[in-house]
Amino acid sequence: MAANRRNGTASEAHGLDDILAAAAPHPRTALPNVATTVTTVAALYFGREVFLPIAIALLLTFALAPFVSALKRVGIPRIAAVIASVLSAFAALALFSFVVATQVSELAQNIPVYQTNILAKIRSLKETGVGGGIIARLSSVVERVGQEIDRQDATLPAATADKPPREPVPVEIVARERPLEVLQNIVGPLISPLGSAGLIIVVVIFMLLEREDLRDRFIRLVGYGDLHRTTEALQDAAKRVGRYLLMQLVVNIVYAIPIAIGLWILGIPNALLWGMLALALRFVPYIGPAIGMLLPLFLALAVAPGWSLVLWTAALFVVMELVTGNVVEPWLYGSRTGLSPLAIIVAAIFWTWLWGPLGLVLSTPLTVCLVVLGRHVPQFEFLDVLFGNEPVLEPHARLYQRLLAGDPDEATDHAEEMLEEKYLVEFYDKVAIPALLLGERDRVRGVMGDLQRRQVAASALALVANLEDDAKEEAAEDESPEAGEPGDAADEDEAELPDGTGMSLLCAGGRGELDDAAAAMLAQVLEVQGATASKAGFADMEPASIRRLELETIDTVVVGFLNRDSVKHARFLVRRLKRAKAALRVGIVFWSEAGNGDKEAADKLAQDINADFVAHGMVDAVTGALSNEPPVALKLVAKRRMRRPRAAPRKVPAAAAS
């Protein structure tokens, strides 16, 4: 019998070891060393003449691949589908560039006409004294600086009466260029862009023709050992980047058409030009729309003598940006790029420094490719951590970090966000208790001092107090008639907790302050179920303090332990509590992150420590505490008394005997 008890206790302790190990954080993400980072950045910078056309071709391949696939499904051969898609795309780009160039040329011819209105506005500002004469002051400052620059240097020999100052001799440089040199000066600057465009067209065509072969070669190169993961990465990258480019184009068109129409109605010259520039510049994140708005505003300032046209133009851009950013973009693709807002800004700065204006345009899709690579390839996981929009810490680790920092307010904010979709018992079971398990794990390892442990426990108790209003709202919802109606499919798998109306319970911590915090969470969940739950600290479970507990009105006492070596201590507490009140139900909770579905092992451990129930999670603890089963009687333990050896008979002297 004793051997069975020892085996049961050992197996339970081993199970607690496994459960506590499950609460350990994930291994650290490996970061690239400095040499690798510097080498990669240097290669991209100095090899931009090679890498930039390839990057543009790769992104265009992602964008045109769906059109090629659609044409192939119709029955058009691959080569014809590829050539038709590429030529159509570049013809559209060429037409776009031609219209922009024509509009810019027309605008340049009309600029002198607008000079009068600009000068009139400057005079009106000076006459009205806007800004306390700021314009006049700036003009005087500029004049003084010019006078100081023109002032003759004192170190130079001054002109005398017999030596008058020498007048500068005008020099005229006449350049005589040959016709071939003139042609070279005109054609030379066009050779590089045209050559790059032709190279990009050729690369795009071959990438689309050899797409499957390139995919197989990439898999063989980097992911032959894990075909599933590599294939998923390639499909995710192609789908995410292609969808982003297509949806961004649609969004920009929806944004640019009302801009062009509105500017035309307002009377802004070359409205078609500004609409097309707005379409193109909106591919540049954040700063693109602002740049596209500045030029029409300047033109509105020049074409009309008043200020109303400037205000109407600014209002048009602001309204369209608000509508596009808050209605059109979330409706079409939302945040499907997978990038955080800060990552988009940092990526824009980095790629602009690396590859100039084209790098700014390509920054978002290129960073999307890197994030997808980091999401599926372990060696590049740091890219997903740095630039992705998914939470990098699990909810319980994030909560524990806030408790460590002594910030229960932010922890409460995160908890309330989760409680919009979860019940309080789920939050405590899946997030809060695992967070406390991380704290207990650090305490056992010796990396958490007493002061920090008390701070974590105090922050956890403050979190419980902050969630009191949410607990009352949830309790009120449970009492409403609608609470019993069937919900969606997700609610069918949730455990049904018993009603605790009329029951009185005491929740106590087992061996430390963190146990007290877990007991407070359990008490709050029991109150949501309608029970009357009071709390006691681990100090109240000391032998001298148990006698002072008011247990007359208490039906059940639940003691929780985060520590893995608490089975003997739990057995001791059960015996003490049942001796204090024979009709008392006593439950023990060995908190764990994953819970324990082995009901037979839990019942066996409960028999071993003489408890009414043993639980490992919040749901089992609430179910056991609100059970109507009669209390388990206290087992009597036979005590072995040491017998004293009989004393040898004293010898009485003969004289005394007589």
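The model is predicted, with local features needing pLDDT of at least 70 and side-chain atom pairs counting only at pLDDT 80 or more, while totals for chains, interfaces and linings use all residues. Residues are numbered from 1 along each chain as its sequence is written, and side-chain values use heavy atoms, with hydrogens and water left out.

I placed Arg585 in strand β4, residues 585–590 (helices, H or I of at least four residues, and strands, E of at least two, are DSSP runs numbered from the N terminus). Arg585 is buried yet has no salt bridge, and I found Asp612 to be the nearest side chain of opposite charge, 4.1 Å away. Buried is under 20% relative accessible area, exposed over 50% and partly exposed in between, with a 1.4 Å probe and protein chains only. A salt bridge needs a side-chain nitrogen of Lys or Arg within 4 Å of a carboxyl oxygen of Asp or Glu; for charge, Lys and Arg count as positive and Asp and Glu as negative, with His and the chain ends not counted.

Next I looked up the second largest pocket, which holds about 1,900 Å³ of space. On a 1 Å grid over the protein atoms alone, a pocket is an open set of points with protein on both sides within 12 Å along at least five of seven lines, a cavity is a set where a 1.4 Å probe fits but cannot get out, and lining residues have an atom within 4 Å of a point. Grid points are joined across faces, edges and corners, and a volume is the space filled by probe spheres set on the points. I noted 49 lining residues for this pocket, with Ile56, Leu60, Leu93, Phe283 and Val361 nearest its centre. Helix α3 gives the largest share of that lining, 10 residues, and the lining divides into 40 nonpolar, 7 polar and 2 charged residues. Here Ala, Val, Leu, Ile, Met, Phe, Trp, Tyr, Cys and Pro count as nonpolar, Asp, Glu, Lys and Arg as charged, and the others, Gly among them, as polar.

I then searched the whole structure for cavities of 30 Å³ or more, which gave 3. The second largest cavity has about 40 Å³ of space, and its lining includes Pro395, Arg398, His414 and Phe427. Helix α16 supplies the largest share of this lining, 4 residues.

In helix α16 I also checked Asp409, which is exposed with a relative accessible area of 52%. Asp409 is 54 residues from Leu463 in sequence and 7.4 Å from it in space, C-alpha to C-alpha.

Last, I compared notes on two asparagines. Asn270, in the loop between α9 and α10, has a positive phi of about 55° although it is not a glycine, and is buried at 9% relative accessible area. Asn610, in the loop between α23 and β5, has a positive phi of about 70°, again without being a glycine, and counts as buried at 4% relative accessibility.
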